[in-house]
Amino acid sequence: VWDLEAAAPLDPPLEGITRLTDVTRPCPSPALGTVDGAPVVLTAFTREVRLWDIGTMSPLGEPLCGVDHSLVSADVVTAPHDRAMVVTGGQYGGVRFHDLDSGTQVAPHVTSGTFQLFHAVGAQVNGETLVATSSWSETDAWTQVPRRRLGKRFGTSWRASLHDVDGTAFVVSVAGDFTLHAWDPRTQAPVRPPMPGHTAQVTDLRAVRMGETNLLA
């Protein structure tokens, strides 16, 4: 989305499923309009139709239509005001946030810019609700409030987990060669040496603190 008078893009870009499954039938062009006096844009991808708020560059409500072929993850996270929130990751539909009691959407969903998510995880870290998604091309880290990307680490990621050790928030992701990497989501800098050893698919990551020692299984 561009500001024509300033000849400059409005950040951040609207990210969704942009990889076409059939290049002979491209997606329709975005449609601009207004809802309650606010500028919006309607986008249609191969699997979803979404309405976006141009002022915040975030989706408005749930997709107007579409389908998640399967969920890849589900977490229960403490939301603001000590309410329980369900964080779910869809194979094609990104990450969604719902109130555990009422089932209503409590925040704009995080859209996926890749064709397929392998995994998504949500956690409360240093008082923030963070989300990390894994795909064949990258690991993506976001904050839920405000909805903002912290950073991404390029390369295949099979799975990720979020951690807080002595006030330091970091992501542990499983690389394409099954090595574990711990890195800062804001700078993408490593915070621990790589952890090799696995020679096949890593299907889960769990952390526990025993005394003064932090363990990752």
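What percentage of the 217 residues of the protein count as buried? The share is 41%, where buried means under 20% relative accessible area, exposed means over 50%, and partly exposed lies in between (1.4 Å probe, protein chains only).

The structure is a predicted model, in which local features need pLDDT of at least 70 and side-chain atom pairs count only at pLDDT 80 or more, while totals for chains, interfaces and linings use all residues. Residues are numbered from 1 along each chain as its sequence is written, and side-chain values use heavy atoms, with hydrogens and water left out.

**Overall architecture**

The protein contains 20 strands and zero helices; helices (H or I, at least four residues) and strands (E, at least two) are DSSP runs, numbered from the N terminus. Its radius of gyration is 18 Å, close to the 17 Å given by the globule rule for 217 residues, so the protein is as compact as a globular protein of that length. The radius is taken over C-alpha atoms, and the rule is 2.2 Å times the number of residues to the power 0.38. The C-alpha trace spans about 55 × 45 × 35 Å along its principal axes.

Contacts (heavy atoms within 4.5 Å) between residues at least 6 apart in sequence join residues at least 24 apart in 37% of cases. The accessible surface of the protein is about 11,700 Å², and 57% of this area belongs to carbon and sulfur atoms. Accessible areas come from the Shrake-Rupley method with a 1.4 Å probe; for residues, only the protein chains shown count as cover.

The protein has 16 positive and 23 negative charges, whose mean positions are 6 Å apart. Lys and Arg count as positive and Asp and Glu as negative, whereas His and the chain ends are not counted. The place of a charge is NZ of Lys, CZ of Arg, CG of Asp or CD of Glu.

**Salt bridges**

Side chains of opposite charge can pair when their charged atoms come close. The structure holds eight salt bridges, each being a side-chain nitrogen of Lys or Arg within 4 Å of a carboxyl oxygen of Asp or Glu.

Glu62 is partly exposed at 30% relative accessible area, whereas Arg96 is buried at 9%.

Asp99 is buried, with 6% relative accessible area, and Arg83 is partly exposed at 39%.

Elsewhere, salt bridges that share partners join Arg83, Asp99 and Asp101 into one network.

**The surroundings of Gly151**

Gly151 is found in strand β15 (residues 148–154) and is buried, at 8% relative accessibility. Leaving aside residues up to four places away in sequence, Gly151 touches Thr139, Asp140, Ala141, Pro185 and Gln188. Between Gly151 and Ala217 the separation is 66 residues in sequence and 25 Å in space, C-alpha to C-alpha.
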